[in-house]
Amino acid sequence: QLQLVESGGGLVQPGGSLRLSCAASGFTLDSYAIGWFRQAPGKEREGVSCISSSGGSTNYADSVKGRFTISRDNAKNTVYLQMNSLNPEDTAVYYCAAGLVCGIDEYDYWGQGTQVTVSS
């Protein structure tokens, strides 16, 4: 099956850090832009970050700029989201998705999500 699988979520205290991983199964990520999204209870899904297929271009939502870093290792078929200085407002289910390019809201593959909870 063609899948994206997120991992690395969990419970962390405010100010803490987590690194999320998005790994592909059944296909390679090197020709895809990868976006990270999140959805908190009662809220719309929002884009968090995106990285181009080559890794040469990245973007971030204003709410996470300076705190989150997206990266990719195509040799490992994995994209990462390093999340620092987490606060309770970052609590959400985080999803990764593969598409043609960043900035176009059309994605071919989605992961099942990983829960991130920031709480003291």
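Colleague: In this predicted model, what is the torsion about the S-S bond of cysteine 50 and cysteine 102, and is the disulfide left-handed or right-handed?
Modeller: Cysteine 50 and cysteine 102 form a disulfide in which the sulfur atoms are 2.0 Å apart. Because the torsion about their S-S bond is about -90°, the handedness of this disulfide follows from that value, and it is left-handed.

Colleague: Where in the chain do the two ends of that link lie, and how many residues apart are cysteine 50 and cysteine 102?
Modeller: One end, cysteine 50, belongs to strand S5, while the other, cysteine 102, sits in the loop between S9 and strand S10 (107–110). The pair therefore links distant parts of the chain, and the separation of cysteine 50 and cysteine 102 is 52 residues.

Colleague: Which of these two cysteines is buried, and which is partly exposed?
Modeller: A residue counts as buried when its relative accessible area is under 20%. Cysteine 102 has a relative accessible area of 23%, so it is partly exposed. Cysteine 50 has a value of 4%, so the buried residue is cysteine 50.

Colleague: How many disulfides does the structure hold, and what is the pairing of the bonded cysteines in sequence order?
Modeller: The structure holds two disulfides, and besides the link already described there is one between cysteine 22 and cysteine 96, whose sulfur atoms are likewise listed as 2.0 Å apart. When the bonded cysteines of the protein chain are numbered in sequence order, the pairing is 1-3, 2-4.

Colleague: Which strands does the link of cysteine 22 and cysteine 96 tie together, and how many residues apart are those parts in sequence?
Modeller: The link of cysteine 22 and cysteine 96 is right-handed, with 75° about the S-S bond. Cysteine 22 counts as buried at 0% relative accessibility, and cysteine 96 also counts as buried at 0%. Since cysteine 22 lies in strand S3 (residues 18–25) and cysteine 96 in strand S9 (residues 92–99), the pair ties together parts whose separation in sequence is 74 residues.

Colleague: In S6, which residue is the bridge partner of cysteine 50?
Modeller: Strand S5, which holds cysteine 50, runs antiparallel to S6, and three bridges join the two strands. In the hairpin that S5 and S6 make, six residues stand between the strands, and glycine 55 takes a positive phi near 85°. Within this pairing, the partner of cysteine 50 is asparagine 59.

Colleague: In S5, which residue is the bridge partner of phenylalanine 37?
Modeller: S4 and S5 pair in the antiparallel sense over five bridges. They form a hairpin with six residues between them, and in its turn glycine 42 has a positive phi of about 75°. Across this pairing, phenylalanine 37 has as its partner glycine 47.

Colleague: Which element gives the most residues to the lining of the largest pocket?
Modeller: The largest pocket has a volume of about 190 Å³ and is lined by 15 residues, with Phe37, Gly47, Val48, Asp105 and Tyr107 nearest its centre. By class, this lining has nine nonpolar, four polar and two charged residues. The elements that give two or more residues to it are strand S4 (33–39), strand S5 (46–51) and strand S6 (58–60). Four lining residues come from the element that gives the most, S5.

Colleague: Which residue in S8 stands opposite serine 71?
Modeller: S7 is joined to strand S8 (residues 78–83) by six bridges, and these two strands run antiparallel. The residue of S8 that stands opposite serine 71 is tyrosine 80.

Key. Residues are numbered from 1 along each chain as its sequence is written. This is a predicted model: local features need pLDDT of at least 70, side-chain atom pairs count only at pLDDT 80 or more; totals for chains, interfaces and linings use all residues. Side-chain values use heavy atoms; hydrogens and water are left out. Two strands pair if DSSP finds at least two bridges between them. On a 1 Å grid over the protein atoms alone, a cavity is a set of points where a 1.4 Å probe fits but cannot get out, and a pocket is an open set with protein on both sides within 12 Å along at least five of seven lines; lining residues have an atom within 4 Å of a point. Grid points are joined across faces, edges and corners, and a volume is the space filled by probe spheres set on the points. Ala, Val, Leu, Ile, Met, Phe, Trp, Tyr, Cys and Pro count as nonpolar, Asp, Glu, Lys and Arg as charged, and the others, Gly among them, as polar. A disulfide is a pair of cysteine sulfur atoms within 2.5 Å. Buried means under 20% relative accessible area, exposed over 50%, partly exposed in between (1.4 Å probe, protein chains only).
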